[in-house]
Amino acid sequence: MLFRSRVSIFLLVLIVVVCGIPCIFALQENQWQPVVAIGIVVLFVFIMLLDTRYIIAGNNLYIKIFFIPAAPTMDLTKLMLINKTRSMLSAPACSLDRILLSFSDGSMVIISPRHQKEFIEEILKINPNVQVNPDLLAD
């Protein structure tokens, strides 16, 4: 089952502002090279933001950004806890509305599926023993 990442408008605006300011200064100096370089980077970042997805297949969770695996395959039978987080840690999550998945081997991953409730319900079909923050299942 495929779940796309939620994309925060705040993050998109932040990228445009942070990258747009140097472009304005470069254009005032008639410098096109920095504008083209920044434009290529922003395009690549936008593609990655808009194509981050979480795939549940069998008992595993796969995280892909564009065509690149963003994390090792995760065995959902070893998942212990799903909790809300606002952590700003680098993660394959394109929104600040994030969830933290904690596994029995001590590994963790922060993600932001667009349809969190459905995502969690799908996980619970595979591993009904996962502890879930009740706020995440509320309507």
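What follows is a tour from the overall layout down to single residues.

Keep in mind that this is a predicted model. The protein chain has 3 helices and 9 strands, and from the N terminus on they come in the order β-α-α-β-β-β-β-β-β-β-α-β. Taken along the principal axes, the C-alpha atoms fill a box of roughly 60 × 30 × 25 Å. Of the 139 residues, 37% count as buried.

Let's begin with helix α1, which covers residues 9-28. From its first C-alpha to its last it reaches 28 Å, close to the 28 Å expected for its 20 residues.

Next, find strand β3, residues 60-65. Its covered face holds L61, I63 and I65, while N60, Y62 and K64 sit on the uncovered one.

β3 has several partners. Strand β2 (residues 52-57) runs antiparallel to β3, joined to it by 6 bridges, with A57 opposite N60. The hairpin of these two has 2 residues between the strands, and G58 takes a positive phi near 65° there. Strand β4 (residues 68-69) is also antiparallel to β3, over 2 bridges, and P69 in β4 is the bridge partner of K64. In that hairpin, again with 2 residues between the strands, F66 has a positive phi near 60°. Then comes β5 (residues 74-75), which pairs with β3 in the antiparallel sense over 2 bridges; here N60 has D75 as its bridge partner.

F66 turns up again on the surface, in a nonpolar patch with L43, F44, I47, F67 and I68. Together they have about 570 Å² of accessible area. Helix α2 (residues 33-50) gives the largest share of the patch, 3 residues.

Last stop: an open sheet of 4 strands, in the order β8-β7-β6-β9, with mixed pairing. At its edges are β8 (108-111) and β9 (131-132), each pairing on one side only. β6 (residues 79-85) and β9 run parallel, joined by 2 bridges, and L81 stands opposite Q131 in β9.

How values were computed. Residues numbered from 1 in each chain as written. Predicted model: local features only at pLDDT ≥ 70, side-chain atom pairs only at ≥ 80, totals over all residues. Heavy atoms only, no water. Pairing = 2+ DSSP bridges. Patch = residues over 30% accessible without salt bridge, like charges linked within 9 Å, V, L, I, M, F, W, Y side chains within 5 Å. Areas by Shrake-Rupley, 256 points an atom, 1.4 Å probe, with all protein chains shown as cover. Salt bridge = Lys/Arg side-chain N within 4 Å of Asp/Glu carboxyl O. Expected span 1.5 Å × (residues − 1). Buried < 20%, exposed > 50% of the residue type's maximum accessible area, 1.4 Å probe, protein only.
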